[in-house]
Amino acid sequence: MIPLARPDIGPEEIAAVTDVLESGMLASGRRVLELEERFAAFIGVTHAIAVSNGTVALMCVFQGLGLGPGDEIITVGHTFNATVSSILSTGATPVFVDIEPGTYVIDAERIEAAITSRTRAISPVHLFGLPADMTAITALADRHGLAIVEDACQAHAATVAGRRVGSFGHGAFSLYGTKNMTTGEGGLITTNDGRLADWIRLYRNQGMRERYRHEILGYNFRLTDLAAAIGLCQLDKLERNTARRQAIAARYDAAFADLPIETPVIPVDRTHVFHQYTIAVADDRDGIVADLAAAGVATGIYYPIPVHRQPYVKERGLGADLPVTDWASEHTLSLPMYPSLAEDDQRVVIAAVRAAVRGRTPAAATGPLEGAPEGASR
């Protein structure tokens with residue numbers, strides 16, 4: 001089976017971890033500090049704070065902004081659950097808006113209508129490696145005096161108008177095992193707000209600046225030096241591996257150009273770093289997935305149940321009418337995408353996709369997807 005994802009772990013990471021093990025300093029130490037400094041410089045911000053995972057990164061930012069009951073944060077339902085659960089952890093309320101057809105990121109043109117007197121922040125999700133329209137979102141946030149919390153968990157190194165995501169507001173990155181940059185588990189927060197950065201450093205360390213003196217209520221959300229050692233090697237590889245992902249995506253694009261499917265849409269001012277390569281099909285998505293599995297090709301569906309339709313969200317009365325999101329959840333699938341994907345294996349994937357799509361699509365189907373939301377493209 002050709003896997004959906006595979007981390008790029010090599011002798012560099014093994015040597016780095018061995019060095020930490022032999023040092024005897026396994027907890028948070030100088031490797032964490034080095035990772036924070038280098039990642040902040042890479043993103044182009046003043047501060048980066050390492051934490052235990054991407055969910056915690058989001059939670060720390062929302063908590064650090066002082067959100068609570070009565071506050072509203074605008075976001076999307078087409079995302080991993082952590083975007084919304086981290087908002088709810090503060091007592092604040094997520095307000096859902098729909099996504100753009102084709103890009104599957106938040107539709108910036110719909111945000112202003114969702115702003116109320118209770119709105120405190122906009123939390124765009126840079127999904128699958130493609131950034132949201134941060135030029136428009138930043139203008140909106142500035143006009144209404146709102147914070148921006150970027151869910152950049154899938155978008156390490158992606159840019160908008162030449163500027164890296166995570167630098168437009170407060171950014172949260174995941175370092176989970178299959179992300180474009182990994183520490184196995186981990187997260188990074190980016191910000192130019194010194195007060196927020198100081199508060200998060202306390203919050204992740206049991207509220208301590210000095211041992212046994214707890215200035216605030218805090219928890220253990222620290223990253224270890226073992227994890228940071230891997231992360232430093234991954235940061236060294238990030239731009240190279242991003243280029244590899246983009247080359248793999250370009251081969252997919254060319255191979256699928258004549259099929260009645262939707263391939264990733266990339267607006268001219270944005271770069272896509274392809275955490276996932278996601279396509280949309282007109283009909284029988286589950287049948288196509290089954291055909292690909294039979295051909296030895298793994299796939300993923302992100303996300304089969306959007307967050308606004310999850311039971312615990314609906315129980316809170318937070319459902320929403322999001323037709324483009326619902327369409328995407330029923331028609332999209334992701335294909336194998338990782339830096340070490342061999343060209344021979346990619347040819348197997350391409351042949352399997354072509355056979356499955358042609359076998360399950362009416363012969364007359366050509367051009368844009370039948371039934372796709374307005375604005376979707378091949």
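Is Arg-38 buried, partly exposed or exposed? I looked it up: Arg-38 is partly exposed, with a relative accessible area of 31%. For my own use I noted the cut-offs: buried is under 20% relative accessible area, exposed is over 50%, and partly exposed is in between, with a 1.4 Å probe and protein chains only.

**Ground rules**

I'm working on a predicted model, where local features need pLDDT of at least 70 and side-chain atom pairs count only at pLDDT 80 or more, while totals for chains, interfaces and linings use all residues. Residues are numbered from 1 along each chain as its sequence is written, and side-chain values use heavy atoms, with hydrogens and water left out.

**Salt bridges**

I stayed with Arg-38 and found its side chain in a salt bridge with Asp-236, at 2.5 Å from N to O. This pair links distant parts of the chain, since Arg-38 sits in helix α2 (residues 30–43) and Asp-236 in helix α8, 198 residues apart. Asp-236 counts as exposed, at 54% relative accessibility.

I wrote down what the term covers: a side-chain nitrogen of Lys or Arg within 4 Å of a carboxyl oxygen of Asp or Glu. Helices are DSSP runs of H or I with at least four residues, strands are runs of E with at least two, and both are numbered from the N terminus.

How many salt bridges does the structure hold? I got 24.

Next I picked Asp-8, which forms a salt bridge with Arg-240, the closest N and O atoms being 3.0 Å apart. Asp-8 lies in the segment before α1 (11–23) and Arg-240 in helix α8 (residues 225–256), so this pair ties together parts that are 232 residues apart in sequence. Asp-8 is buried at 19% relative accessible area, whereas Arg-240 is partly exposed at 38%. I then saw that both belong to a network of salt bridges, together with Glu-12, Glu-13 and Lys-237.

I also checked Asp-258 and Arg-358, whose salt bridge has its closest N and O atoms 3.8 Å apart. Asp-258 is in the loop between α8 and β12 (261–262), and Arg-358 is in helix α12 (residues 343–360), 100 residues away in the chain. Asp-258 is partly exposed at 40% relative accessibility, and Arg-358 is partly exposed too, at 43%.

**Cysteines**

I looked for disulfides (pairs of cysteine sulfur atoms within 2.5 Å) and found zero. Cys-153 is buried at 10% relative accessibility, and Cys-233 is buried at 11%.

Then I went after exceptions.

Gln-206 has a positive phi, near 60°. I placed Gln-206 in the loop between α7 (194–203) and β10 (208–210), where it is partly exposed at 32% relative accessibility.

Tyr-212 also isn't a glycine, yet its phi is positive, about 70°. Tyr-212 lies in the loop between β10 and β11 (213–214) and is exposed, with a relative accessible area of 64%.

Which peptide bond is cis, with omega near 10°? I found it running from Tyr-302 to Tyr-303. Tyr-303 belongs to the loop between α9 (285–294) and α10 (311–315).
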